Amino acid sequence: GTIASKNQQKLAAPALKVNKSSATSGNYLFVNSKLLGSKESLVLWKESSVIDVYDLVKNRYEFSFYV
């Protein structure tokens, strides 16, 4: 939102938390997301944790797995 009297912009709502946690190992970043992906099963997502794996050297998404 905008505060006209102070010529400032502020967040109108709290920021959305996207990731529960993350960790690195070697060249990989592991992210446990809080949000359902567009191609993920709602049933699997509710019953497990989805870990997304990113290659930090190649700077790209690699794959996901369920725990």
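Trainee: Which residues make the nonpolar surface patch of about 410 Å²?

Mentor: This is a predicted model, in which local features need pLDDT of at least 70 and side-chain atom pairs count only at pLDDT 80 or more, while totals for chains, interfaces and linings use all residues. Residues are numbered from 1 along each chain as its sequence is written, and side-chain values use heavy atoms, with hydrogens and water left out. A patch is made of residues with over 30% relative accessible area and no salt bridge, like charges being joined within 9 Å and nonpolar side chains (Val, Leu, Ile, Met, Phe, Trp, Tyr) within 5 Å; areas come from the Shrake-Rupley method with a 1.4 Å probe, and for residues only the protein chains shown count as cover. The patch of about 410 Å² is made by Tyr-61, Phe-63, Phe-65 and Val-67.

Trainee: In which strand is the place of Tyr-61, and is Tyr-61 buried, partly exposed or exposed?

Mentor: Strands (E, at least two residues) and helices (H or I, at least four) are DSSP runs numbered from the N terminus, and Tyr-61 belongs to strand 6, residues 60–66. Buried means under 20% relative accessible area, exposed over 50%, and partly exposed in between (1.4 Å probe, protein chains only). With a relative accessible area of 44%, Tyr-61 is partly exposed.

Trainee: How many aromatic pairs are there, and what is the geometry of the pair of Tyr-54 and Tyr-61?

Mentor: Rings of Phe, Tyr and Trp (its six-membered ring) pair if their centres lie within 6.5 Å; planes under 30 degrees apart count as stacked, over 60 as edge-to-face and the rest as tilted. By this rule the count is 2 aromatic pairs. The ring centres of Tyr-54 and Tyr-61 are 5.6 Å apart and their planes stand at 70°, so this pair is edge-to-face.

Trainee: What is the geometry of the pair of Phe-63 and Phe-65?

Mentor: Phe-63 is partly exposed at 42% relative accessibility, and Phe-65 is partly exposed at 33%. Their ring centres are 6.4 Å apart and their planes are at 40°, so the pair is tilted.

Trainee: Which residue forms a salt bridge with Arg-60?

Mentor: Side chains of opposite charge can pair when their charged atoms come close. A salt bridge requires a side-chain nitrogen of Lys or Arg within 4 Å of a carboxyl oxygen of Asp or Glu, and the structure holds 1. The closest N and O atoms are 2.8 Å apart, and the partner of Arg-60 is Glu-62.

Trainee: Which side chain of opposite charge is nearest to Asp-55, and how far away is it?

Mentor: Asp-55 lies in strand 5, residues 50–55. Lys and Arg count as positive and Asp and Glu as negative, while His and the chain ends are not counted. Asp-55 is buried yet has no salt bridge; the nearest side chain of opposite charge is that of Lys-58, at 4.3 Å.

Trainee: Which residue has its backbone nitrogen 2.8 Å from a polar atom of the side chain of Asp-55?

Mentor: A polar contact is a pair of N or O atoms within 3.5 Å; within protein, one must be able to donate a hydrogen and the other to accept it, and residues adjacent in sequence count only if both atoms are side-chain atoms. The backbone nitrogen that lies 2.8 Å from a polar atom of the Asp-55 side chain belongs to Val-57.

Trainee: What is the phi of Asn-59, and what is the phi of Asn-7?

Mentor: Most residues other than glycine have a negative phi. Asn-59, in the loop between strand 5 and strand 6, is exposed at 70% relative accessibility, and its phi is positive, near 55°. Asn-7 sits in the loop between strand 1 (2–3) and strand 2 (8–9) and is exposed at 72%. The phi of Asn-7 is likewise positive, near 50°.

Trainee: How far apart in space are Glu-62 and Ala-13, C-alpha to C-alpha?

Mentor: Along the sequence, Glu-62 and Ala-13 are 49 residues apart, and from C-alpha to C-alpha the separation is 33 Å.
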